[in-house]
Structure formats: C-alpha cells, structure tokens
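Open the model in your viewer and keep the sequence panel beside it. The tour goes from the whole chain to single residues.

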Amino acid sequence: MAPPPNMEALNAPSREVCVVRRERTNTPLQALVTLNDPQFVEAARHLATEAIEQTGNDSEATLQVIASRVLCRELTTAEAAILIDSWDEFLDYYQENPQAASQLLEVGESEARLELSPTLAAWTLVCNQVMNLDEAVCK
C-alpha cells in the first residue's frame, strides 16, 4: 500500500522501518502541498480564527499571536510590515470579491465563521504564508 501522496512529498518515512531522524528537505513540491492542501488551508483558517478571537480588530496583535503560535517568537519590524502589507492586499481583494472569500473559507470539513468572511479569509492567507516559511516547515 502506497503512503498518502502528501506524506511522500514531505519525505515521510515509509513506516516499514524505524528511523531515528527524518530526512530534512525543502522542495517546491512541498511548498505546493503546504500552500494548497485542504488540511493546511483549514489549519490556517483555524489559527486565523483563534488569533482574531484573542485580539479583536488589532492587526498587529493578531499578527504577533500568529507568529508566536507558528514560529515561537515575535516578528521583527520588517517581517511584520511585510505581512501587514500582504494582509491589506488580501483584505482589499476579498472585500471586492466576497464570493472568493466564502469559497476559501469553505475549504475543509469544519465550519467557518462566515460573518468574518473577508477579514477571516485575509488572515487565513497570512497564516498560510507564515506556516509555509522555511523556519516553520523545517523546525
């Protein structure tokens, strides 16, 4: 029986033998998995929901909660500025395209808080970005 394709793309061991340490790699195929797989998108949405609930409308505090959960550290000023710019772009896009926000938030099996539609969709993509950093993938 073949392992799930995502596990193969992420170089998971075959489970036929015991391994002490997994091989450490980072390929474009892995980035495609972590950016597009429904499980990763849904995980990003849940992280975004928790961060929004903890901080309300404070975008910088929301961003620091996300960084703390994923990277176990605070963001530098330059990193935060880049991610806030991304969030602004995503938010503008999803406010103009609420149907696209709803489609993004429907990914996965769990229910999304659709009343936060454009905001949650924008934060979901920011979470997905942070979760796809080499620092997070190759910890």
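How many helices and how many strands are there in the chain? The chain has 8 helices and 0 strands, where helices (H or I, at least four residues) and strands (E, at least two) are DSSP runs numbered from the N terminus. Read from the N terminus, the order is α-α-α-α-α-α-α-α.

Before selecting anything, note that this is a predicted model, in which local features need pLDDT of at least 70 and side-chain atom pairs count only at pLDDT 80 or more, while totals for chains, interfaces and linings use all residues. Residues are numbered from 1 along each chain as its sequence is written, and side-chain values use heavy atoms, with hydrogens and water left out.

**The whole chain**

Show the C-alpha trace. Along its principal axes the trace spans about 50 × 35 × 25 Å. Now show the surface: the accessible area is about 8,900 Å², and 53% of this belongs to carbon and sulfur atoms. Such areas come from the Shrake-Rupley method with a 1.4 Å probe, and for residues only the protein chains shown count as cover. Of the 139 residues, 36% count as buried; buried means under 20% relative accessible area, exposed means over 50%, and partly exposed lies in between (1.4 Å probe, protein chains only).

**The core**

Select Leu 63, Ile 66, Val 70, Leu 71, Leu 75 and Trp 123. These have the most contacts inside the largest nonpolar core, which has 33 residues. A nonpolar core is a set of buried Ala, Val, Leu, Ile, Met, Phe, Trp, Tyr and Cys residues joined through side-chain atoms within 4.5 Å. Two or more residues each come from α3 (38-55), α4, α5 (77-96), α6 (98-105) and α7 (117-131), and α7 gives the most, with 8 residues.

Stay with Leu 63. Which residues does Leu 63 touch, not counting those up to four places away in sequence? They are Leu 75, Ala 80, Leu 83, Ile 84, Trp 123 and Val 126. Contact here means heavy atoms within 4.5 Å.

Select Arg 69, which is found in helix α4 (residues 59-71). Arg 69 counts as partly exposed because its relative accessibility is 48%. Leaving out residues up to four places away in sequence, Arg 69 touches Leu 47 and Glu 50. Display the side chains of Arg 69 and Glu 50: they make a polar contact at 2.6 Å. A polar contact is a pair of N or O atoms within 3.5 Å; within protein, one must be able to donate a hydrogen and the other to accept it, and residues adjacent in sequence count only if both atoms are side-chain atoms.

Move on to Cys 72, in the loop between α4 and α5. Its phi is near 60°, a positive value in a residue other than glycine. Most residues other than glycine have a negative phi. At 59% relative accessibility, Cys 72 counts as exposed.

**Two last stops**

Select Ser 117 in helix α7. Is Ser 117 buried or exposed? Ser 117 is buried, because its relative accessible area is 9%. Beyond its neighbours within four places in sequence, Ser 117 is in contact with Pro 98, Ala 101, Ser 102 and Leu 105.

Finish at Arg 21, in the loop between α1 (5-9) and α2 (28-36). Arg 21 counts as exposed, with 74% relative accessibility. Draw a C-alpha to C-alpha distance from Arg 21 to Asp 37: the two are 16 residues apart in sequence and 25 Å apart in space.
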